[in-house]
Amino acid sequence: MANRHTIILMQTSQNRATRTFMDYDSITQAMDGICGLYERKLKELNPAIRNITYDIADLYNFIDGLADMSALVYDHSIRAYLPYDRQWIKQRTFQHLKKLAR
């Protein structure tokens with residue numbers, strides 16, 4: 001699963017103008033990017049707090065609170081991108097954070 005180009009598609013609100021994408025060289029980098037996105041949002045909402053902590057449920061609530069989020073992951077064997085839903089993203093971010101905690 002390493003070094004598989006990953007594109008995260010997201011829409012932050014019901015307004016179609018909020019559609020955007022982030023692109024990464026690997027699934028791991030994409031999961032880091034999603035966590036970073038959430039952490040920046042937390043800092044924006046809590047500018048006076050220096051050390052912000054959160055748990056996986058908070059991250060899941062953030063992901064679920066977006067109007068839409070999905071991933072496209074390049075599969076070298078078929079030379080195409082495979083789509084993954086929000087649930088897959090949540091599972092992968094959990095696995096990613098678990099690895100970082102070790």
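I began with Y81, which is partly exposed, with a relative accessible area of 35%. The model I am reading is a predicted one.

**Entry: strand 3 and its partners**

Strand 3 and strand 4 are antiparallel, and five bridges pair them. On its other pairing, strand 3 runs antiparallel to strand 1 (residues 6-11), with six bridges joining the two. Q11 stands opposite D68 of strand 3.

I then sorted strand 3 by face. M69, A71, V73 and D75 make up the covered face. D68, S70, L72 and Y74 make up the uncovered face.

**Entry: the hairpin loop**

Next I read the loop between strand 3 (68-75) and strand 4 (80-84), where R79 is located. This hairpin has four residues between the strands. R79 has a phi near 55°, a positive value, and is not a glycine. I noted it because most residues other than glycine have a negative phi. R79 is exposed, at 70% relative accessibility.

**Entry: aromatic pairs**

How many aromatic pairs are there? I have four in my count, taking ring centres within 6.5 Å as the rule. In one of them, Y38 and F62, the ring centres are 5.0 Å apart and the planes meet at 40°, so I wrote the pair down as tilted. Y38 belongs to helix 1 (residues 27-45) and F62 to helix 2 (residues 56-65), so this pair ties together parts that are 24 residues apart in sequence.

**Entry: a charge over a ring**

Which residue lies over the face of Y60? I found K90 there, at 5.1 Å from the ring centre.

**Entry: recap**

I keep two places in mind for a second reading. One is the hairpin of strand 3 and strand 4, with R79 at a positive phi.

Conventions
Residues numbered from 1 in each chain as written. Predicted model: local features only at pLDDT ≥ 70, side-chain atom pairs only at ≥ 80, totals over all residues. Heavy atoms only, no water. Buried < 20%, exposed > 50% of the residue type's maximum accessible area, 1.4 Å probe, protein only. Phe/Tyr/Trp six-rings, centres within 6.5 Å; stacked < 30°, edge-to-face > 60°. Lys NZ or Arg CZ within 6 Å of the ring centre and 35° of its normal. Pairing = 2+ DSSP bridges.
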